[in-house]
Amino acid sequence: MRHVIVIGTSGAGKSTLAKRLSRRLGVVHVELDAFAHGPGWKPVPQEGFQRDVEEHLASGGWVCDGNYFGRTAWLWEQADTVIWLDMPLHLVLPRLARRSLRRILTRERLWNGNRENWSALLGKESVLTWAAASHRRHAVDLPPRLAAWERDGMTVVRLRSPREVRIWWRRTFPEAPTMDHQAENEEENP
């Protein structure tokens with residue numbers, strides 16, 4: 001594992017796992033959302049997005065998290081491993097609600113100075129609505145896509161619960177601290 005992409009619905013734990021994995025592997029972590037959203041939540045044009053991501057990945061190994069399939073074909077060509085956090089909606093939606101509420105109340109700055117607001121949680125295009133729709137899309141679109149990548153030699157890991165994530169971690173890194181132990185020492189505990 002030197003070039004890993006972590007995918008999944010918003011709130012599945014992509015960034016949390018990707019950060020831990022990048023530290024464990026000693027490689028760069030890139031959260032694709034940070035490069036996709038400019039100030040005022042404006043989408044970054046493709047050429048700027050790709051240039052900025054490539055600059056951050058230039059050091060060698062990397063772990064990226066995000067679902068930018070249409071914008072990252074060049075990344076998929078380099079990846080050796082994909083991890084799909086296919087968490088159930090009954091787990092993801094409460095996580096997202098708590099995370100967004102915390103971000104709104106604390107006025108947490110996200111990428112490029114952006115902040116979530118109440119419409120991000122309660123509006124017509126809320127993160128909860130987005131997560132439910134993307135979860136349905138992933139259930140249909142990802143299995144055949146992952147099967148094709150696996151046939152092409154990529155390692156594909158599909159994890160459907162926090163328990164499966166912990167088991168995978170212990171099997172993959174038997175000498176490393178457990179995911180639970182690491183979570184005790186981190187700000188974000190999925």
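Start by selecting helix α5 (residues 89-106) and helix α7 (residues 127-151), which pack at an angle of about 155° with their axes 10 Å apart. The axes here are lines fitted to C-alpha atoms, for helices over the stretch in contact, and angles run from 0 to 180 degrees between N-to-C directions. Helices (H or I, at least four residues) and strands (E, at least two) are DSSP runs, numbered from the N terminus. Before going on, note that this is a predicted model, where local features need pLDDT of at least 70, side-chain atom pairs count only at pLDDT 80 or more, and totals for chains, interfaces and linings use all residues. Residues are numbered from 1 along each chain as its sequence is written, and side-chain values use heavy atoms, with hydrogens and water left out.

Stay with this helix pair. α5 and α7 are therefore roughly antiparallel to each other (the term covers angles over 145 degrees). The crossing of α5 past α7 is right-handed, meaning that the near helix is turned clockwise from the far one by less than a right angle.

Now show side chains. On α5, pick L89, V92, L93, L96, A97 and S100; on α7, pick V127, L128, A131, A132 and H135: these make the contact (heavy atoms within 4.5 Å). By class, the contact residues of α5 with α7 comprise nine nonpolar, two polar and no charged. Ala, Val, Leu, Ile, Met, Phe, Trp, Tyr, Cys and Pro count as nonpolar, Asp, Glu, Lys and Arg as charged, and the others, Gly among them, as polar.

Next, select the strands. Five of them form an open sheet with parallel pairing, in the order β2-β3-β1-β4-β5; two strands pair if DSSP finds at least two bridges between them. At the edges you will find β2 (28-31) and β5 (155-159), each pairing on one side only. From one strand to the next, the twist averages 15°.

Zoom in on β1 (residues 3-8) and β4 (residues 81-85), parallel strands joined by five bridges. Here I7 stands opposite W84 in β4.

Though not a glycine, R107 has a positive phi of about 55°. R107 counts as exposed because its relative accessibility is 52% (exposed means over 50% relative accessible area, buried under 20%, partly exposed in between, with a 1.4 Å probe and protein chains only). N112 lies in the loop between α5 and α6; N112 has a positive phi of about 55° without being a glycine, and is partly exposed at 44% relative accessible area.

Terms used. Parallel < 35°, antiparallel > 145°, perpendicular 65-115°, else oblique.
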